[in-house]
Amino acid sequence: MFEIEGIRERFTPTASRILDDAIQQSKKRQHYYLGVEHIFISFAAIETVFFHEFLTDLNLDAKQVLSFVNEHLNINRQYVGVGLKVPPATRTLFKLAWEEAQRWDRDIIDSTDLFTAIFMDTNS
């Protein structure tokens, strides 16, 4: 099983807060899996200014985007099992975030690497 703590060691404090919040979002919704969508809404909550400015630059309404993602999460699949499942799409997200950090000659994943990776993966 994918080890969350192993990847967390490569995170900045802000990226780690996003991961913690995403895990809490999943548990609060009783999903018990860590989806890309959980990371997305947690990024929006923690990096609020960046998130809103980015979406504004794309002529998107941040509230409407978050509303859509939250609606999706409310009807989303549920993992029934032991522990927190990390699906392949989320593993890919972490891999792409690591590659993004490496591209900028960093040995640690920042919150913006996570956000960038969401848009790099065509399956997210």
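Tutor: In this predicted model, the count of aromatic pairs comes to eleven.

Student: Why is the pair of Phe-50 and Phe-115 called edge-to-face?

Tutor: The ring centres of Phe-50 and Phe-115 are 5.8 Å apart, and a pair requires centres within 6.5 Å. Their planes stand at 85°; angles over 60 degrees count as edge-to-face, so the pair receives that label.

Student: What makes this pair a tie between parts that are apart in sequence?

Tutor: Phe-50 belongs to helix α4 (residues 48–57) and Phe-115 to helix α7 (residues 111–120), so the pair ties together parts 65 residues apart in sequence.

Student: Is Phe-115 buried or exposed, and how do you know?

Tutor: Phe-115 has a relative accessible area of 3%. Buried means under 20%, so Phe-115 is buried. Phe-50, with 35%, is partly exposed.

Student: Why is the pair of Phe-54 and Phe-115 called edge-to-face?

Tutor: The centres of Phe-54 and Phe-115 lie 5.1 Å apart with the planes at 80°, so this pair is edge-to-face. It links distant parts of the chain, with Phe-54 in helix α4 and Phe-115 in helix α7, 61 residues apart. Phe-54 has a relative accessible area of 28% and is partly exposed.

Student: Which residues do ring pairs link into a cluster?

Tutor: The cluster consists of Phe-40, Phe-43, Phe-50, Phe-51, Phe-54, Phe-115 and Phe-119.

Student: What lies over the face of Trp-98?

Tutor: Arg-10 does, at 4.2 Å from the ring centre; the distance limit for a charge over a ring is 6 Å.

Technical notes: Residues numbered from 1 in each chain as written. Predicted model: local features only at pLDDT ≥ 70, side-chain atom pairs only at ≥ 80, totals over all residues. Heavy atoms only, no water. Phe/Tyr/Trp six-rings, centres within 6.5 Å; stacked < 30°, edge-to-face > 60°. Helix = DSSP H or I, 4+ residues; strand = E, 2+ residues; numbered from the N terminus. Buried < 20%, exposed > 50% of the residue type's maximum accessible area, 1.4 Å probe, protein only. Lys NZ or Arg CZ within 6 Å of the ring centre and 35° of its normal.
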